[in-house]
Amino acid sequence: MPRPDTRARRRAWGAGLGVVLLALAAIGTAFLPSPRTAAQATELGPAAELKLGYFATVTHAPALVGLEEGILAEELDRDGTRLQSQVFTAGPSAMEALNAGAIDAAYMGPSPAISSYLGSAGKSIRVVSGATSGGAYLIAQPGTESVADLAGGELATPQYAGTQDIAARDFLREQGADDDVAISHAAAGTAVQLFSRGAIAATWQPEPWASLLVEEYGGEVLVDERELWADGSFPTSVLVVSQQFAAEHPETVARLVEANKRSVEWASAHPEELVGVADAAIRRATGENLADAVLSRALEGLTFTADPLAGTYPVLLERARATGVIPGAAAADLDGLIDTDWPNNDTEGGGSR
């Protein structure tokens, strides 16, 4: 872990990196295709194909179950729709693909969904269902007792402006430690390697990577993100669709929502089988072969629900504003983001088509 006398240098480096990242983000956004919207869409009936994005993590267990057990493909095939799936490592990159039309729907954390919706003036995507609650943690090096021990060190998150990134930034801000800890960004596999070498002081990760760090590298759980919410519930992954795709193929979106609901119910009803299903899906997508003890521990902290937990979104937005990730937005600007009013979907969560 970096010595305390490097703190000033770390702060300067972190501030400079933040400016560079924001500049690159602005440049990259300028050259990305504009988010697809439903403004000129005409209903075309069931889609011939649905391209779905997801992460190979247990916080996306409904997606893993839906793919591995064939639930997604089976439900979509009722209307003759083929399923194509693509793995992503973080929400912002999945949202870029969704906005560009490279995929039609995706499982992702709520923060990138909020960013996209606000950035498009409410025209890019809709949250059509929940998937998972819980399963995100701040894991620190062995022997770390408090956030004060991270001073002068580096904390890695999966990607700038992602759900875990905003959670980490807001937590450090609340602790008065945002000037003492540098935040960097690394995909889960890279973060594990950095952690194992002692190159980072801590990392904010979703499952199963948090449990992997605890079980195999002696990581200390400094924060269970459930502790930061009044009732312990917050969305880790939700299901979103392009508004353009939804306007053109509402029947297909209804099928997708139903398939997600079935997958959520399967994951909740088969906890013992879920370990094997998650292991097979993660191994197929990433080549990672995780121990059963890691996956079992990871799944213990998760709740699977088709409820998108709409009440948490104003809080998520406020945290993003407080950390400077999403400046200037108000809770009212989120009206219409959550839309669970689809045929065959009896969950609650707000919004209407």
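**Figure 1. Overview of the chain.** The secondary structure of the chain comprises 13 helices and eleven strands, where helices (H or I, at least four residues) and strands (E, at least two) are DSSP runs numbered from the N terminus. This is a predicted model, in which local features need pLDDT of at least 70 and side-chain atom pairs count only at pLDDT 80 or more, while totals for chains, interfaces and linings use all residues. Residues are numbered from 1 along each chain as its sequence is written, and side-chain values use heavy atoms, with hydrogens and water left out. The pLDDT, the predictor's confidence in each residue on a scale from 0 to 100, averages 88 over the chain, and 85% of the residues score at least 70. Over residues 1-36 the pLDDT is below 50, and this stretch has 39 contacts in the model beyond near neighbours in sequence; a contact means heavy atoms within 4.5 Å. Residues 344-353 also have pLDDT under 50, with 31 contacts beyond four places in sequence. Of the 353 residues in the chain, 53% are buried; buried means under 20% relative accessible area, exposed means over 50%, and partly exposed lies in between (1.4 Å probe, protein chains only). Among contacts in the chain with a separation of 6 or more, 80% are between residues 24 or more positions apart.

**Figure 2. The open sheet of six strands.** The strand order is β2-β1-β3-β10-β4-β11, and the pairing is mixed. Two strands pair if DSSP finds at least two bridges between them. The edges are formed by β2 (82-88) and β11 (303-304), each of which pairs on one side only. Strands of a sheet pair through backbone hydrogen bonds, either parallel or antiparallel. Strand β3 (residues 105-108) pairs with strand β10 (residues 235-242) in the antiparallel sense over four bridges, and Ala105 has Val241 of β10 as its bridge partner. Helix α4 (residues 91-100) lies across β1, β2, β3, β4 (125-133) and β10, running at about 170 degrees to β3. For this angle, axes are lines fitted to C-alpha atoms, for helices over the stretch in contact, and angles run from 0 to 180 degrees between N-to-C directions.

**Figure 3. Strand β4 and its two partners.** Strand β4 is mostly covered, with eight of its nine residues buried. Seven bridges join β4 to β10 in an antiparallel arrangement, in which Gly130 stands opposite Val238 of β10. Strand β4 also runs antiparallel to β11, to which two bridges join it; here Ser133 has Thr303 of β11 as its bridge partner.

**Figure 4. The surroundings of Leu52.** Leu52 lies in strand β1 (residues 49-55). With 1% relative accessibility, Leu52 counts as buried. Not counting residues up to four places away in sequence, Leu52 touches Leu72, Leu83, Gln84, Ser85, Gln86, Ala105, Ala106, Tyr107 and Leu239. Leu52 and Leu98 are 46 residues apart in sequence, and their C-alpha atoms are 9.2 Å apart in space.

Figure 5. A pair of aromatic rings is described by the distance of the centres and the angle of the planes. Rings of Phe, Tyr and Trp (its six-membered ring) pair if their centres lie within 6.5 Å; planes under 30 degrees apart count as stacked, over 60 as edge-to-face and the rest as tilted. By this rule there are two aromatic pairs. One of them, Trp229 with Phe234, is stacked, at 6.0 Å centre to centre and 5 degrees between the planes. Trp229 is buried at 9% relative accessibility, and Phe234 is buried at 2%. Arg319 lies over the face of Trp229, at 4.2 Å from the ring centre; a charge sits over a ring if NZ of Lys or CZ of Arg is within 6 Å of the ring centre and within 35 degrees of the ring normal.

**Figure 6. The enclosed strand β5.** Five of the five residues of strand β5 (residues 136-140) are buried, so β5 is largely enclosed by the rest of the structure. Ala136, Leu138 and Ala140 point one way from the strand, whereas Tyr137 and Ile139 point the other way. Strand β5 runs antiparallel to strand β8 (residues 202-206), joined by five bridges, and Ile139 stands opposite Thr203 of β8. Four bridges link β5 with strand β9 (residues 220-224), also in the antiparallel sense; in β9, Val223 is the bridge partner of Leu138.

**Figure 7. Helix α2 and the residue Gly70.** Helix α2 (residues 61-68) is mostly covered, with six of its eight residues buried. These buried residues are Ala61, Pro62, Ala63, Leu64, Val65 and Gly66. Gly70 follows α2 and has a positive phi, near 80 degrees.
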